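The stops below are to be taken in order.

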Amino acid sequence: MDLEHHLRYMRMATKLAKYALDHDETPVACIFVHTPTDQVVAYGMNDTNRSLTGIAHAEFMGIAQIQAKFGPLNTEIFRNITLYVTVEPCIMCASALKQLGIQKVVFGCGNERFGGNGSILRIHQDSSTAPENSHISVPGLLRKEAIMLLRYFYVRENERSPKPRAKANRKLDLETFPPMDWSIYLSKDGFTSLFGESLLEYYDKKLDLSEKLDWDLIDKNQDLFFQDLQNKCEQFSLQAAKKPKSQPVS
């Protein structure tokens with residue numbers, strides 16, 4: 001696995017999550033990358049606050065973009081797509097991704113309450129839903145950055161939540177993070193196959209692959225990045241539209 005290649009797209013997903021935070025949404029975001037062409041085909045951010053819809057998760061927003069481009073019944077495109085998402089997909093989203101036949105999921109921090117890629121259930125590997133499908137799941141990339149964005153959100157007052165809670169007494173922890181327990185998501189052999197033997201120390205000691213937090217991803221305004229991301233997705237759509245309709249999407 002080319003770790004830097006995956007980190008490139010995880011940085012994009014993290015920037016998008018920061019954009020969501022700056023626009024009063026839960027800072028969870030994702031990027032859908034078409035693996036054969038190495039291009040971004042779609043993106044998603046949580047839209048629960050604006051839409052007041054509990055199922056408006058980032059993954060569903062991106063899936064809707066892809067279906068709008070290629071048709072709701074064309075699932076073949078997903079077999080060539082890697083999803084980069086800042087937080088482990090919930091059970092609902094993990095199930096949808098598995099049924100669509102996603103190729104790979106790379107995520108930042110775990111979802112300890114609803115995680116569908118290892119924290120609670122291993123939807124991506126089970127045989128109860130779409131047993132013909134399974135995909136690789138890569139955890140822990142830019143985990144600290146994802147956690148920090150969530151911390152920024154949860155010390156705010158969310159007036160659109162069903163029962164707003166007073167958060168004046170909550171303190172923003174900028175320094176400490178829970179251990180990264182890789183064994184929740186990967187066996188030691190699985191970790192080695194993804195990251196190599198040279199990084200096994202991180203598995204054994206429950207360490208993040210990067211000790212330093214990239215504060216630029218947390219602090220910078222990402223409005224211009226968002227505009228550029230939209231343009232990238234539109235360009236992919238224009239390229240795909242030039243293909244003859246008789247050809248399968250790959």
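Begin with the cysteines: a search of the whole structure finds 0 disulfides, a disulfide being a pair of cysteine sulfur atoms within 2.5 Å. Select Cys93, which takes part in no disulfide; the nearest cysteine sulfur belongs to Cys90 and is 3.7 Å away. Cys93 counts as buried because its relative accessibility is 1%. Here buried means under 20% relative accessible area, exposed means over 50%, and partly exposed lies in between (1.4 Å probe, protein chains only). Select Cys109 next; its relative accessibility is 4%, so Cys109 also counts as buried.

The model is predicted: local features require pLDDT of at least 70 and side-chain atom pairs count only at pLDDT 80 or more, whereas totals for chains, interfaces and linings use all residues. Residues are numbered from 1 along each chain as its sequence is written, and side-chain values use heavy atoms, with hydrogens and water left out.

**The whole chain**

Now colour the protein by secondary structure. It comes to 9 helices and 5 strands; helices (H or I, at least four residues) and strands (E, at least two) are DSSP runs numbered from the N terminus. From the N terminus on, the order of elements is α-β-β-α-α-β-α-β-β-α-α-α-α-α. Of the 250 residues, 48% count as buried. The protein exposes about 13,100 Å², and carbon and sulfur atoms supply 51% of this area; accessible areas come from the Shrake-Rupley method with a 1.4 Å probe, and for residues only the protein chains shown count as cover. Among contacts (heavy atoms within 4.5 Å) with a separation of 6 or more, 66% are between residues 24 or more positions apart.

Select residues 29-34, strand S1, together with residues 39-45, strand S2. S1 and S2 pair in the antiparallel sense over 6 bridges; two strands pair if DSSP finds at least two bridges between them. Within this pairing, Ala29 stands opposite Met45 and Phe32 stands opposite Ala42.

Is S1 covered on one face or on both? Both faces are covered: Ala29, Ile31 and Val33 on one side and Cys30, Phe32 and His34 on the other are all buried. S2 is mostly covered as well, with 6 of its 7 residues buried.

**Two positive phi angles**

S1 and S2 form a hairpin with 4 residues between them. Centre the view on Asp38, in the loop between S1 and S2. The phi of Asp38 is near 55 degrees, a positive value in a residue other than glycine. Asp38 counts as partly exposed because its relative accessibility is 31%.

Then move to Lys206, in the loop between helix H7 (200-205) and helix H8 (215-219). Lys206 also has a positive phi, near 60 degrees. With a relative accessible area of 38%, Lys206 is partly exposed.

**The nonpolar core**

In soluble globular proteins, nonpolar side chains tend to be buried together. A nonpolar core is a set of buried Ala, Val, Leu, Ile, Met, Phe, Trp, Tyr and Cys residues joined through side-chain atoms within 4.5 Å. Select Leu16, Ile31, Phe32, Ile66, Phe191, Phe195 and Leu229, the residues with the most contacts inside the largest core, which has 68 residues. Helix H1 (residues 3-22) gives the largest share of this core, 10 residues.

Which residues does Leu16 touch, not counting those up to four places away in sequence? Leu16 touches Ala29, Cys30, Ile31, Tyr43, Gly44, Met45, Phe225, Phe226 and Leu229.

**Helix H5**

Finish at residues 143-154, helix H5. At 1.5 Å a residue, the 12 residues of H5 should span 16 Å, and the end C-alpha atoms are 17 Å apart, which agrees; the expected span is 1.5 Å times one less than the number of residues. H5 is largely enclosed by the rest of the structure, because 9 of its 12 residues are buried. Display the buried residues of H5: Arg143, Lys144, Glu145, Ala146, Ile147, Met148, Leu149, Leu150 and Phe153. They pack against H1, helix H2 (48-51), S3, strand S4 (104-109) and H8.
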